[in-house]
Amino acid sequence: MKARKYKEGVFNHIYQRTINKFNIFYDLTDYLVYYTICSIAVQKYDVIVLGLGLMIDHIHMLVISRSRAVLSNFVSYISSVFVREYNSSIGRQGPLFEERFASVT
């Protein structure tokens, strides 16, 4: 598996796509759930989010973190909690996002 790009001290562009371009944001509640989970994760992992763009079938973030591991744990936390909440709300099971999030600097 190809290593994610990461640079300490500068923002990293994170993006994550859904499987088969599956739409995950249908109404305001879907967006608010993601924003809430992200806000909790920001506090938990002590990262700085400079930008967050929620598209109907993918996500973009500009994040500064103190290490590659923190960045990975931050995004993994958001993804796992959101997928669990989303699946529960519509009676769905299984993964929602492609294998891994991508990161570029």
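**Charge pairing and fold of the predicted chain**

Residues are numbered from 1 along each chain as its sequence is written, and side-chain values use heavy atoms, with hydrogens and water left out.

The salt bridge joins the side chains of Arg 66 and Asp 46, with an N to O distance of 3.7 Å. Distant parts of the chain are linked by this pair: Arg 66 lies in the loop between strand E3 (58-64) and helix H2 (68-90), and Asp 46 in the loop between helix H1 (28-45) and strand E2 (48-54), 20 residues apart. In general, side chains of opposite charge can pair when their charged atoms come close. Asp 46 is exposed, with a relative accessible area of 57%; the classes are buried (under 20% relative accessible area), exposed (over 50%) and partly exposed in between, for a 1.4 Å probe and protein chains only.

Asp 46 also has a positive phi of about 50°, although it is not a glycine. A positive phi, near 55°, is likewise found for Asn 20, a residue other than glycine. Asn 20 is situated in the loop between strand E1 (12-17) and H1, and counts as exposed at 72% relative accessibility.

The secondary structure comprises two helices and four strands, assigned as DSSP runs numbered from the N terminus (helices, H or I, at least four residues; strands, E, at least two). Along the sequence these elements follow the pattern β-α-β-β-α-β. Among contacts (heavy atoms within 4.5 Å) between residues at least 6 apart in sequence, 72% join residues at least 24 apart.

For 105 residues, a compact globule would have a radius of gyration near 13 Å, and the value of 13 Å for the chain agrees; the radius is taken over C-alpha atoms, and the globule rule is 2.2 Å times the number of residues to the power 0.38. The C-alpha trace spans about 40 × 30 × 20 Å along its principal axes. Of the 105 residues, 33% count as buried. The accessible surface, from the Shrake-Rupley method with a 1.4 Å probe, comes to about 6400 Å², of which 55% belongs to carbon and sulfur atoms.

Technical notes: Predicted model: local features only at pLDDT ≥ 70, side-chain atom pairs only at ≥ 80, totals over all residues. Salt bridge = Lys/Arg side-chain N within 4 Å of Asp/Glu carboxyl O.
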